[in-house]
Amino acid sequence: MQTSSGYEIADNEDNVYNTSLIAAEQYDDCMSNTSYLCTGSFDNMDNPDVSASPCSEDTLPIENSRQYENILSIEEPEYDEVESCRRIVQPAVEELLSTELSYVKSLRFLTSSVRSKLEEIPGIDVRSLFSNLDEILLVHESFLQELKQAEHDPEHQLILIGNIFQEYSKDMESVYTVYCSTYTRSTSLLKHYQDIHVAELIKDAIQSLSRESSSSQYTDLSFYLVIPVQRITKYPLLLQNILSIDTNSKDTQEALEGALNTMKEVNVNINENKRRKEVASKYLQLDQRTLKEKMSTLSTHTLTKKSKRLSLFLKQQAGMVPKREDKEFDNLSDKFHRLAAVVSQMEENVMSYVKNVEEYFLIQPETYPLEYLEGSVHPLNGYTIELCNSIYLAFKRKLEVMVLQPLTNLSECLRGPKNLIRKRLDKLLDYENLEEKYSETGRMTWEEEDIVNNYKAIHSMLLSELPNCIFLSYQLLHNIFLSFIAVQKDLAAQACFAAEEHASQMQCRTVPEANFRRWVEDYIANSTLLLNEFTKKFDEELPVPVPREHIPAIERQIQQLLKRYSPEKLYQLMSAVKGTREMELTLRSGEVVAVIQCGDTKGNKNRWLVDTGGLRGYVPCSKLQPYQETHSPTLSQSPTHSQSSPEAKKTAETKKHSATAQNSKY
């Protein structure tokens, strides 16, 4: 067709054909330039030879189908998920490692450079300021070493970090609990040093160290002391930062979540321990207020609370309400009270011993001649003077420093826990009253919740602290006993040395040993004979016992006890007793009581249940002796008492002898 439209169509067909030919030629040129497809390898891609011919002479032409097969067999580069995750998480891990390294450097700077510098300044309690920083440094040096070793295993680094935190959580909680609880004391010391202008010396010392070392960042010691408190609270934030990045690994997520929860729990436990100590510290100190000051603080609320306590206590003692039992705490409380009694008794005995020794040594020495066979004499004044003026004074100083003062300090330290145990009983009564109220109403006010929390805080603190207190106290008591023995040995050694020195100057040293021994034996035999004659005469001529006069109130008390108990049940206190435990009585020396039971409810035979005529309670049996009938004419006239057993009469007769012997001038 010659129409214009037909021409146009023909032209279009030619254009399409020509275009396809051009495309085919371009494809052949492209394929000819990819010589590496002939072998199916990528060895020549790194350094391709652009000037090389499409195929060398030795290379056979390949078919188009072979070329397409090689194109399909080309592998795409794989996506490395582990490496990509590591690059994403790496900044958070680097932050943990870098801050940990900086923290360890600060601790080393504090414990080595700063502390040694401050020890040169007089009047600074360096030990209280730095608390247990040495233990914290040891934990974190090992912790940092473990974190660095985890870098050698990039694939499992996050899992290892989580496991390391869980492994060191107990050690961190232990050391940081101590540091955080003493941090307030450290800051109080710094404030005190500012008041007495010692803080300027501390600042100057740190500034001089900062010029010498690059580890110093601050010039104020308070900034360094707060770093451990800030560090332990930052670990959950660092772990949360790492955990916020999606690692697509279940094991990694579990390890990091476990570490995060563990470190959160560590911080909660540290805060709870600090809160308990703050609650308990209010009751550790004894109330120094006067009776007038205490009365001025009374209110209706206080009276109501105390009356409820007393009411519940009486109901429990009467058996109307069951008493809450806590065997673990009761055992600890018994051990502590036994310890307190041992310390108190030892302190009393040592003071009595010092008094007796002092009275013996401070007697004015008299001249007593030593007679021996030749009849000459030699005075012993030199030895007694040296013993009193030199040896005893040195012994007394050692005894005060090594025995008496530690005993007094230990006794003072035990007063706080003893008062806390007593307050725990008061809080327990309040707690039981609130439990009864809560079971009825199901509601509890904020103030009542605070009472419950205070009781739980004191109770848990006593359970955790009393074992250590008892253990350390017994260790100190053991060392005090060893010191007492050493002081006694030293006294004996010095006295023997002085005696030998003075004996060497006596004339009797020239006497033959056989003659001297015979003279000593004869002298001892004569002295024994005189003593036996005196004892016999003393037994035959007993002095008339003098009855002890009682005040009318004690006479009435004895008469009341005799109406309810037989005379054999009456005992008298040899010395005053002070009750320190529940149901223990405080009585004066010489008071008369009636023994109800020779033991307590737990089978302890050392505490007897007694009746004073008004109160009933426990008294140490070692403080009691049978009441003597010669003390009171009224008691001796009692028909019941006149029929006492022969054993009782024998005991009373023995008491007479001992009492009369004490009054003898010999």
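This is a predicted model: local features need pLDDT of at least 70, side-chain atom pairs count only at pLDDT 80 or more; totals for chains, interfaces and linings use all residues.
1. From α6, residues including Phe 165, Met 172, Tyr 176, Tyr 179, Cys 180 and Tyr 183 meet α8 residues, among them Leu 225, Val 226, Val 229, Ile 232 and Tyr 235; contact here means heavy atoms within 4.5 Å. Helix α6 spans residues 157–195 and helix α8 residues 221–243, and the two pack at about 150° with axes 10 Å apart. That angle makes α6 roughly antiparallel to α8 (under 35 degrees counts as roughly parallel, over 145 as roughly antiparallel, 65 to 115 as roughly perpendicular, the rest as oblique). The crossing of α6 past α8 is left-handed, the near helix being turned anticlockwise from the far one by less than a right angle.

2. Some conventions, before you go on. Residues are numbered from 1 along each chain as its sequence is written. Local features need pLDDT of at least 70, side-chain atom pairs count only at pLDDT 80 or more, totals for chains, interfaces and linings use all residues, and side-chain values use heavy atoms, without hydrogens and water. Helices are DSSP runs (H or I, at least four residues), numbered from the N terminus. Axes are lines fitted to C-alpha atoms over the stretch in contact, with angles from 0 to 180 degrees between N-to-C directions.

3. Helix α6 also packs on α5: their axes come within 10 Å and cross at roughly 180°, so α5 and α6 are roughly antiparallel. Among the α5 residues in this contact are Ile 136, Val 139, Phe 143 and Leu 147, while α6 brings residues including Ile 161, Ile 164, Phe 165 and Tyr 168.

4. Do look at α12 (residues 327–361) and α14 (residues 446–503), whose axes come within 10 Å and cross at roughly 25°. These two helices are therefore roughly parallel, and their crossing is left-handed.

5. The count of salt bridges is 13, each a side-chain nitrogen of Lys or Arg within 4 Å of a carboxyl oxygen of Asp or Glu. One of them joins Arg 115 to Asp 134, with the closest N and O atoms 2.8 Å apart. This pair links helix α3 (residues 81–118) to helix α5 (residues 133–150), its partners being 19 residues apart.
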